[in-house]
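Subject: A structure to look through

Dear colleague,

I am passing on a structure that I would like you to read through alongside the notes below. Please keep it open while you read, so that you can find each residue as it comes up.

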Amino acid sequence: MNKYFDLVSDINTVNFIHMIKKKETKGMKKIIKLFTIFLLSFGMFGCGNNTDAETETKVSKKPKSEITFESETLYDNDYGNFIVQSISENGDLKVSMENKTDSTLMYSLDHVSINGLMENPFWAREVTSGNKANDTISFYSLKEDGIDTITYITFTLIVSDSENWNLEPYIKQEFTLYPYGENQVKEFERKSEESDVVLLNNEQISVIVDHVEDDSTYGYSLFLYLENKTDQNLIYHIDNASVNGIMVDPFWAIDIPSGKKAYSEVSWYKQDLQDNEIDTIEYIDMPFVVSNYDTYSILFEQTLTYKP
């Protein structure tokens, strides 16, 4: 159970690294690479829900109507309040919050999806006792992921005591916002391509190689498109992968709520490949494990093989 707990607790950490990688200049790549290795040395597991795939392969059309969203109070009680003031066309959420407790509170979002596709705004905000704050929650890879218009946003709002993480959160609740109204909801649909490599597609889950990148600095990356078709929240992870028959683990995991979809990058670092004298990728064996997020019971376990 501890192994799966580690997977869940460390997922967002290297998600942040993937965002930096997409925004960095070439001169910063070596620094970010070293920072990534440093974090991984402490047993952190990485995933990403971003992708650089061509946006024309993933289409989300604009509804004809204008944004109708008005200010919405997500909670207002003795602990304080949290209000979404507005949503812009590009997905920026203007929010305000008030802390009425005697402690410093940490506000964050988890399991964020847009039109059913997992996205991560990498947002958190501390507010000290008795104070208020205004902030903007932004999404950084909507165009890359093929989302032109946000028709609905689902997320779990978590409000915790920033000074004592052992306490139960003050607030941990799922919310859904509809910028254009509930009658304008459009689910994300990915267009299949001839270049797709379908590793797995059944009634419960899908695992598709969307595209591959062979970076001279970072190494070799598979960009996966994943679907959770079940009524369970799931964790996907690769355990003891091998490249050309040599053990080289990408330390990858991602959690996907029920009915949601995601893009995720699985990377083998250049130095790891060089240390194992791997110059050309002939095949990759990935023992793929899918478990229930809450009970850790294994739903699916099979070695998936990718051959370039």
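This is a predicted model: local features need pLDDT of at least 70, side-chain atom pairs count only at pLDDT 80 or more; totals for chains, interfaces and linings use all residues.

The side chain of Asp76 meets that of Lys100 in a salt bridge, with 3.9 Å from N to O. Because Lys100 lies in the loop between β4 (93-99) and β5 while Asp76 belongs to strand β2 (residues 72-77), this pair ties together parts that are 24 residues apart in sequence. Lys100 itself counts as partly exposed, at 43% relative accessibility.

How many salt bridges does the count come to? The count comes to four, and another of them joins the side chains of Asp135 and Arg125, at 3.3 Å from N to O. Here too the pair links distant parts of the chain, since Asp135 is in strand β8 (residues 132-137) and Arg125 in strand β7 (residues 124-127), 10 residues apart. Both residues are partly exposed, Asp135 with a relative accessible area of 23% and Arg125 at 28%.

A further salt bridge is found between Asp210 and Arg190, whose closest N and O atoms are 2.8 Å apart. Asp210 lies in strand β13 (residues 205-215) and Arg190 in strand β11 (residues 189-190), so that parts 20 residues apart in sequence are tied together by the pair. Asp210 counts as buried, at 8% relative accessibility, and Arg190 counts as buried as well, at 14%. Through salt bridges that share partners, Arg190, Asp196 and Asp210 are joined into one network.

The bridge partner of Asp76 in β3 is Asn81, and β2 and β3 pair in the antiparallel sense over five bridges. These two strands belong to an open sheet of four, in the order β2-β3-β4-β8, with antiparallel pairing. Because β2 and β8 stand at the edges, each with a single partner strand, one side of each is left without a neighbour in the sheet. On average, neighbouring strands of this sheet are turned by 15° against each other, direction ignored.

Next comes the interior. In soluble globular proteins, nonpolar side chains tend to be buried together. In this model, the largest nonpolar core has 34 residues, and those with the most contacts inside it are Phe82, Val84, Leu93, Tyr107, Phe155 and Leu157. Several elements give two or more residues to this core, including β2, β3 (80-87), β4 and β8, while β5 gives the most, with five residues. If neighbours within four places in sequence are left aside, Val84 is in contact with a number of residues, among them Phe69, Leu74, Leu93, Val95 and Leu177. Apart from this core lies another, of 32 residues, which include Met118, Val207, Ala262 and Ile278.

Finally, is Asn115 buried or exposed? Asn115 is buried, with a relative accessible area of 0%, and its place is in the loop between β5 (105-114) and β6 (117-118). A polar atom of the Asn115 side chain lies 2.8 Å from the backbone nitrogen of Thr151.

With best wishes

Key. Residues are numbered from 1 along each chain as its sequence is written. Side-chain values use heavy atoms; hydrogens and water are left out. Buried means under 20% relative accessible area, exposed over 50%, partly exposed in between (1.4 Å probe, protein chains only). A polar contact is a pair of N or O atoms within 3.5 Å; within protein, one must be able to donate a hydrogen and the other to accept it, and residues adjacent in sequence count only if both atoms are side-chain atoms. A nonpolar core is a set of buried Ala, Val, Leu, Ile, Met, Phe, Trp, Tyr and Cys residues joined through side-chain atoms within 4.5 Å. Contact means heavy atoms within 4.5 Å. Two strands pair if DSSP finds at least two bridges between them. Axes are lines fitted to C-alpha atoms, for helices over the stretch in contact, and angles run from 0 to 180 degrees between N-to-C directions.
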